[in-house]
Amino acid sequence: MSNYKSKLEEWYDSTAERYDSWGSREGEYSSQTKSLEIAKFNEILSLIKIKENTKILDVATGTGIYLIEALKKGGVGYGVDISKSMLEQVKKKIIKFKLKSKVIKIIKGDAEKLPFHSDFFDIVICIGMFEYYPLVKVKAFLEEIKRVLKKEGNLIVDFPNNNNKEVYEFQKKERSAGHEIHIYEKGKINEFLKHTGFRIIKSNCAGIEIQFLLKLVKK
Ligand SMILES: C[S@@+](CC[C@H](N)C(=O)[O-])C[C@H]1O[C@@H](n2cnc3c(N)ncnc32)[C@H](O)[C@@H]1O
C-alpha cells in the first residue's frame, strides 16, 4: 500500500470512534451538512429499485452510514474499507440495528483491489473517498468498481462541491492532517465521468459534495 494510503488508514483508525460526531471540532464540517448529504443520498437511492436479493457494496464504508441507509430499503450488504477501526464501528452498528441477517461481509481492503468476484454487485456506493485522490487514481478505482459491478448496475459516488465555501475549510483541515482534498469544477467531473463507461443518471448538490447516480453501460 502506498504511503499516502497508509497515512489515511492511520488517520481514520485514530478518528473512528468520533467519526459520527461531526461538528464537534473546529474546521469540521457541520452535522447539518452531513444530514443534508444523507437526505440527498436517499433521494438518489429512491431512483433505484432495491429488492430483497439486491447485492449492495459500500466501498470506503467508514462507519457504515450509507450502507445502513441503503439496507433500510432492502437488499443485502457488503462493506469494505482500509481502516480496521472504522469497520469495528460498522460491526457495532450492525448489532445495534439488528442487521446481522442483511450484512454478508464487512472486510478490510483497498478500493483499488476489491476482495470480491467480478460481475457480482447490483449497486455500488462510494461516498467520501474519491476526494482524497487525484483523478488518475479515481479512474483506477472506477475500473475496479466496474469489474465487480454487473452491467447496467448502479453506482453512487460523490466529489467535492467547488461552489460551496465550506469545502475549502474542509480542505484546509484535511491538509493539516496530511491529506489532500482534490476539488474540481463540476464540468470537469462530468467530462471525466463521460469517459469511464458510466452514464450520469442524476447529480445532486449535497452540502460540500456533489453526488452522482451513474449506470454502468460499457464493461
Ligand atoms: C470520509 S470517510 C467516508 C466514510 C463513509 N463512506 C461516509 O461517507 O461516512 C473516508 C473513508 O475512506 C476510506 N478509504 C480511504 N482510502 C481508501 C481506499 N483506498 N480503499 C478503501 N477505503 C479507503 C477511509 O478509511 C475512510 O473510512
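Strands E6 and E7 (residues 209–216) pair in the antiparallel sense over eight bridges; strands here are DSSP runs of E, at least two residues, helices are runs of H or I, at least four residues, and both are numbered from the N terminus. Two strands count as paired if DSSP finds at least two bridges between them. Across this pair, Ala206 stands opposite Glu209 in E7.

The model is predicted: local features need pLDDT of at least 70, side-chain atom pairs count only at pLDDT 80 or more, and totals for chains, interfaces and linings use all residues. Residues are numbered from 1 along each chain as its sequence is written.

**Sheet**

The open sheet has seven strands in the order E3-E2-E1-E4-E5-E7-E6, with mixed pairing. Strand E3 (103–108) and strand E6 (198–206) are at the edges with a single partner strand each, so one side of each has no neighbour in the sheet. From one strand to the next the twist averages 15°. Helix H4 (residues 84–96) packs on the sheet and touches strand E2 (76–81) and E3; its direction makes about 160° with that of E3. Contact means C-beta atoms, placed from the backbone, within 7 Å. Axes are lines fitted to C-alpha atoms, for helices over the stretch in contact, and angles run from 0 to 180 degrees between N-to-C directions.

**Cores**

A nonpolar core is a set of buried Ala, Val, Leu, Ile, Met, Phe, Trp, Tyr and Cys residues joined through C-beta atoms within 7 Å. Buried means 20 or more other C-beta atoms within 10 Å of the residue's own, exposed 12 or fewer, and partly exposed in between, with C-beta atoms placed from the backbone.

| Core | Residues | Named members |
|---|---|---|
| Largest | 45 residues | Most contacts inside: Val59, Val124, Ile125, Cys126, Ile145, Leu155, Ile156 |
| Second, separate | ten residues | Including Leu8, Tyr12, Leu87, Val90 |

Leaving aside neighbours within four places in sequence, Ile125 is in contact with Ile56, Asp58, Val59, Tyr66, Leu67, Ala70 and Ile156. Val80, in strand E2, counts as buried because it has 22 C-beta neighbours inside 10 Å. Not counting residues up to four places away in sequence, Val80 touches Val59, Thr61, Ile107, Gly109, Leu114 and Pro115.

**Ligand shell**

Of the 20 residues around the ligand, Ala60, Gly62, Ser83, Ala111 and Gly128 come nearest; a residue is near if its C-beta atom, placed from the backbone, lies within 6 Å. Helix H1 (3–15) and helix H3 (65–71) each supply at least two shell residues, and H1 gives the most, with four.

Notes
Contact = placed C-beta atoms within 7 Å.
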